[in-house]
Amino acid sequence: MFHGLRNTLAVALALLLAGGVQATGNLENPQNGATESGIAAITGWHCTARTIELRMDGAVLGNAGMGTPRADTAGVCGRSDTGFSYLYNYALLKGGAHRVDAYADGVLFASATFNVGYLGGEYLTGLASSHFIADFPYKGIGAHVVWSQSKQNYVVTRAEPLLSPSVVGTYTLRHVSMYTSSGLAMSSLAPGWTVAGTMTFRADRSFSMTFTLSYGTQSAGTTIAGTYADNGYYLVNNGEVELVIERGDTLTLQTLGPSNGDWASLVISAALVSPPMVAEAAAETHATAVGVGVGSAIAQVVSGLGVHAR
């Protein structure tokens, strides 16, 4: 009798264990306590499910796609075609805390409570933005990210080493000159001209500039802000290429481009007045021109004065 009972229990235990393995599954995204935004996939895997139904805050979303190859589950499930996914626009939740439940053939097997970041619309269009994140994903490396409309989120485009010596810091303008294809347009070294302002380059690849140009009793100025890329021998400020003639305590830039029907060569020289750590912590200036390069902004100010020194 005991021998038969032992065999019966052994078989029952084996069936229970087998059933437990077959019922194994996992919800991987979103995870408990995570923050989600944009358009992303709700993903996971299950060993034996014929259907995976997803519910958001108790309301049925629908069935996830199934059969994605998952070699990492072969040891648990005895098969690898166990992955599931469901593309979802998290902006539909309009922020806040939410819960997703995953059902395998009608049986709940996984849940996650998470937060949602909301940008104020279900699908934003016509946006363009890019940023540089210093010391990410590792110290000494920086990552470039750009806005992706199709994903309603930022995506990484590339990573690159941080350059040294860097242009990070706050500089005071000391000299500006502009030459056009029709002759010398202006120089702050010429009688009657003066220039004042500052440029700040930050480690997060943002920059700002305040600029005032005077000729006699006339003055004109502007404030710009945006992003820059330091490529060693040249900078790209809001898409405008500026050659780096010298860097360090003195930063001298030269840019060449069209200006009011002419071609103009602009030289800007500035002196470092704040160390990098101070510059990184500096507050953003209020910009009246965003997305304009330094050279283009100064050329507009020179044109605005309506005077020419030859």
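Predicted model: local features only at pLDDT ≥ 70, side-chain atom pairs only at ≥ 80, totals over all residues.
T68 stands opposite G83 in β7. T68 belongs to β6, which spans residues 65-68. β7 covers residues 83-89, and the two strands pair in the antiparallel sense over 3 bridges.

Now step back to the sheet around them. Strands of a sheet pair through backbone hydrogen bonds, either parallel or antiparallel. Here 4 strands form an open sheet, and the pairing is antiparallel. The order is β1-β3-β7-β6. β1 and β6 stand at the edges. Each has a single partner strand, so one side of each is left without a neighbour in the sheet. From one strand to the next, the twist averages 25°.

Most residues other than glycine have a negative phi, and most peptide bonds are trans. N29 and P30 are joined by a cis peptide bond, with omega at about 0°. β1 runs over residues 25-29, and P30 lies in the loop between β1 and β2 (35-36).

Two further backbone features concern phi. D57 is not a glycine, yet its phi is positive, at about 55°. D57 sits in the loop between β4 (52-56) and β5 (59-63). Q152 also has a positive phi, near 55°, and is a residue other than glycine. Q152 is found in the loop between β11 (141-148) and β12 (153-161).

How exposed or buried are these two? D57 is partly exposed, with a relative accessible area of 44%. Q152 is buried, with a relative accessible area of 6%. The cut-off for buried is under 20%, so the value of 6% for Q152 falls within it.

Next, the interior. In soluble globular proteins, nonpolar side chains tend to be buried together. The largest nonpolar core in this model has 26 residues. Those with the most contacts inside it are V167, L173, V176, M199, F201, F211 and L251.

Another core, of 18 residues, lies apart from the largest one. Its members include L27, I42, A104 and F114.

Methods
Residues numbered from 1 in each chain as written. Heavy atoms only, no water. Buried < 20%, exposed > 50% of the residue type's maximum accessible area, 1.4 Å probe, protein only. Core = buried A, V, L, I, M, F, W, Y, C linked by side-chain atoms within 4.5 Å. Pairing = 2+ DSSP bridges. Axes fitted to C-alpha atoms, helices over the stretch in contact; angles between N-to-C directions.
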